[in-house]
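Open the model in your viewer and keep the selection panel at hand. The tour goes stop by stop, with something to select at each.

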Amino acid sequence: MTSSTSVPSSDVSSAPDVSRRALLPVSRLTALEADLQSVWRIKLCLLHTVVFLTALFFGITQWFSGANGAVILGVLGGLLLLMTLYIVFWPRWRYQAWGYDVHEDELVLEHGVITHVRSVVPLRRIQHLDVSQDLFEREFDLGRLVIHTAGTRSSDVVIPGLPLSTAEHIRDDVKQYILDDPLTEDAL
Amino acid sequence: MAASPSDSSPAGSSVHDPSASESTAAHASSNDHASDTATPLGAVREPQRLHPLTLFVRLLTSLPALALILLPTFTNDDAQVWLPLFFGAVYGLIALPAIVLQYLRFSYRITPQQIVIQSGVLKRQNRSIPIERVQNVEIERQLLARLLGLAKVRVETAGSASTEASIEYVSVQQAQKIRTAVRAFQRADEDAQQNSRDAAPSEARATASNAAASSSPRTLFSMSLRHVLLAGAFRFSLFYLALIFSVLQFVDPETLTNWLLLSQDRIDVIVDAMYQSPIITALGTVVVAALLGWLSGILLTLNRYYGFTLWLDGGKLRKRHGLFTVTEGTIPLAKVQVLIVQTTPLMRLFGWHTLEVQTMGLNTDQQGQRVVAPFAQWDTIMRLADHVRPMEMPDTFERVSPLTIRRHFLRRLGVLLAVLAPAAYFWPRDWWAPYDVALPWWSLLVIPALGVAAYLHYHYHRFAIHHDGLYVRRGVLRHYLWMIPINRYQVAYATDSLLQRRLNLKTLFVDTAGASAFAYPDIVDVEADAADDAVDTLYDQFHTLYRAMVSEAKHPASSTPPFDLRQAAATVPRALPLPNPTDSSRA
């Protein structure tokens, strides 16, 4: 974290190394905890139950008012199938698309199933960090790291599904990095 | 009443001479002593009342409500005049004492640490704003206030988007005194902080800031009446529609109907004429609408930018403009994030541009963007930009991939069809259908225009990763040029959607603080490998710059001059040549 301290001042003139620091392919980034898929599935199940019950209620009222029972059953069955497929596959795809890495001076994130988003967050641009945990995440001992920057679109960057201890570890490391920063420049 | 630009604020600071007291503060490092000796500052340290004429202004502004209550009494001769009169009396009994009480219970004072404002009749409110959090002290003078020699002082802070506190009204001299006091305390605060750091760099910085502060304010840009009118002539506005509707609100509908019925003969003549020559009518409507839009554009611009003056005062840009409401504003140069040059097709034809800066934490009236020069030629814009933030325009810009034309066109077409299909489906048979084709289908004629727009999007979309920052040009009709210095980069993004992945394209984006929500400098549809390299280069610039700054801060070489951002930026490698779309560096 703090190895920037070891950079000698003569380095200013030397040619900077243009390595592919920022752009590791997702397979080489750190994956999230696999349990995160279970958390997502549980949340999706709850949401979809509510949606399905609403549809079921609507279907029953239609049936009582004389609509074709077969059609109603077909629609409800199709909905159930789609929801199940979504619950099975979507969290997996989403999980596979996620990757992060904490480097010496920056944080690299990649996520998104349909639209891939790869972002590079310089550590010195981080204003503050939170570690949060909801009810389901607590069961799996997972935490989410919420990173606040001054950027308009990236005012909060979230890394979900880290082991709680890892999330706290990253938070403390980044905090230390910011405290050790000898620059007093007001970035805003 | 209107003070001429020369006798007010810029001169005001030199009269009170805060820079002198500040330099003593820096060297004697006793700030309290310094602020005590500066006599004008003591004047606002004790709790202050508002100007007594405030009572008059508040009374006057509350009169429309009273008039509304009493309106039936004036118009009717009937017996039921007592109810409004009763309400009027109640209003007088409640509102008038409230105005007086509010005035009596409002006080403000400014200490070296904070601005304290006490207010509230029923619920006492005691608000203190730490001096170091104050971003901007703005003096606003509306027409009525100007006639009475009053001014409204608005205090803005970094944390909140809107005005933190407003002191209305005080005399103009008092307003300037408040601003001077806040600035002087802020400088003393900064100096104290610098003195607490280690000796060598702080000395250099203190002298530098003193030199900057003591240099007299310099006018950078001002607009003559002719210039403002010209600026207005390039601006269209639909303001007249709002004006017409708000005037109609005051007219009794019954009176209007009666008047229309009485003048039916005349109207019939007009209607007949319109039926006989629909083309002329349509043309006439367009011409009248354009004329009104043009005129109201001129009037609005005149009202807003009359007497526009921009000064450089130490490390701050200060501007003042306005006809009825004179607004004064401050833009601290250190807070400027991004420079934005805008132009419309008509303005571009004659070489006119607008310069704005994107700032953080100031008044977010315009999504964090503040106008530095509303209307100026390119050379002037570049000269001003150089004062705000020295940047060196790159000679060459890169284009994005031509495939963007296809993607842009498909996207717009998708939107058009999504709107069109339901409209065409639900279009009733007997509704307007020229040549037996329902009206919605006629909108398919727009498709060629979409193609042209897609091409123009490609044609004007350029970017350059220069040694001092990122430059992005974009816009189909309204053109934008963003200039983002390296030390303002926040987070870098590369994104690709489904269609973009098929075309092997990516979108690049460098986030900045205070960016607008609907016009931001993303670089759409760069060839994927080039986009990856660009993100690497951008981040590398950032990293190299800050590594240099960190090592400078850790090992301050006493012989070298104070760290210069511009110099450091020059050591950052020139933009890497982006790979040709044809040769792929990745297997």
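Start in chain B. Select B:Tyr108 and look across to S2(B): B:Ile117 stands opposite. Keep in mind throughout that this is a predicted model.

**Stop 1**

Now select residues 107-110 of chain B, strand S1, together with residues 114-119, strand S2. The two run antiparallel and are joined by four bridges. Pick B:Ile110 next; its bridge partner in S2(B) is B:Ile115. A hairpin of three residues carries the chain from S1(B) to S2(B).

For one pair here, select B:Val116, which has B:Ser128 opposite in S3(B). Five residues lie between the strands in this hairpin. Click on B:Gly120 there: its phi is positive, near 105 degrees.

Show the three strands together. They make an open sheet, ordered S1-S2-S3 in chain B, with antiparallel pairing. S1 and S3 of chain B are the edge strands, each pairing on one side only. On average, neighbouring strands in this sheet are turned by 10 degrees against each other, direction ignored.

**Stop 2: a buried strand**

Select residues 309-313 of chain B, strand S8. Is this strand enclosed or open? Five of its five residues are buried, so S8(B) is largely enclosed by the rest of the structure. Turn the view to check both faces. On one side, B:Thr309, B:Trp311 and B:Asp313 are buried. On the other, B:Leu310 and B:Leu312 are buried too.

Bring in the partners of S8(B). Strand S7, residues 218-222 of chain B, runs antiparallel to S8(B) and is joined to it by four bridges. Select B:Arg218 to find its bridge partner in S8(B), B:Leu312. Then select strand S9, residues 316-321 of chain B, which is antiparallel to S8(B) with five bridges. B:Thr309 faces B:Arg320 of S9(B). S8(B) and S9(B) form a hairpin with two residues between them. B:Gly314 sits in the turn, with a positive phi of about 65 degrees.

**Stop 3: the nonpolar cores**

Show side chains. The largest nonpolar core has 36 residues. Which of them touch the most other members? Select B:Phe221, B:Leu310, B:Leu317, B:Leu355, B:Val372 and B:Val388. Strand S13, residues 369-377 of chain B, gives the most to this core: five residues.

Centre on B:Val372. Leaving aside neighbours within four places in sequence, its contacts include B:Phe221, B:Phe308, B:Leu310 and B:Leu317. B:Ile331, B:Leu355, B:Glu356, B:Val357 and B:Val388 are also in contact with B:Val372. A second, separate core holds 33 residues, among them B:Trp482, B:Tyr489, B:Ala492 and B:Leu508.

**Stop 4: the seven-stranded sheet**

Back to the cartoon view. Seven strands of chain B form an open sheet in the order S13-S12-S11-S17-S16-S15-S14, with antiparallel pairing. Its edges are S13 and S14 (398-399) of chain B, each pairing on one side only.

Select strand S15, residues 462-466, and strand S16, residues 469-474, both of chain B. They pair in the antiparallel sense over five bridges. B:Phe463 has B:Val472 as its bridge partner in S16(B).

Helix H19, residues 447-460 of chain B, lies across S14, S15, S16 and S17 of chain B. H19 runs at about 155 degrees to S16(B).

**Stop 5: confidence in chain B**

Colour chain B by pLDDT. The mean is 78, and 79% of the residues reach 70 or more. Select residues 1-40 of chain B: pLDDT is below 50 there, and the stretch has 57 contacts in the model beyond near neighbours in sequence. Residues 362-367 of chain B are also below 50, with 19 such contacts.

**Stop 6: chain A**

Finish with chain A. It has four helices and six strands. Along the sequence the pattern is α-α-β-β-β-β-α-β-β-α. Of the 188 residues in chain A, 38% are buried.

Notes. Residues are numbered from 1 along each chain as its sequence is written. Chains are lettered from A and ligands numbered from 1 in the order in which they are written. This is a predicted model: local features need pLDDT of at least 70, side-chain atom pairs count only at pLDDT 80 or more; totals for chains, interfaces and linings use all residues. Side-chain values use heavy atoms; hydrogens and water are left out. Two strands pair if DSSP finds at least two bridges between them. Buried means under 20% relative accessible area, exposed over 50%, partly exposed in between (1.4 Å probe, protein chains only). Axes are lines fitted to C-alpha atoms, for helices over the stretch in contact, and angles run from 0 to 180 degrees between N-to-C directions. pLDDT is the predictor's confidence in each residue, from 0 to 100. Contact means heavy atoms within 4.5 Å. A nonpolar core is a set of buried Ala, Val, Leu, Ile, Met, Phe, Trp, Tyr and Cys residues joined through side-chain atoms within 4.5 Å.
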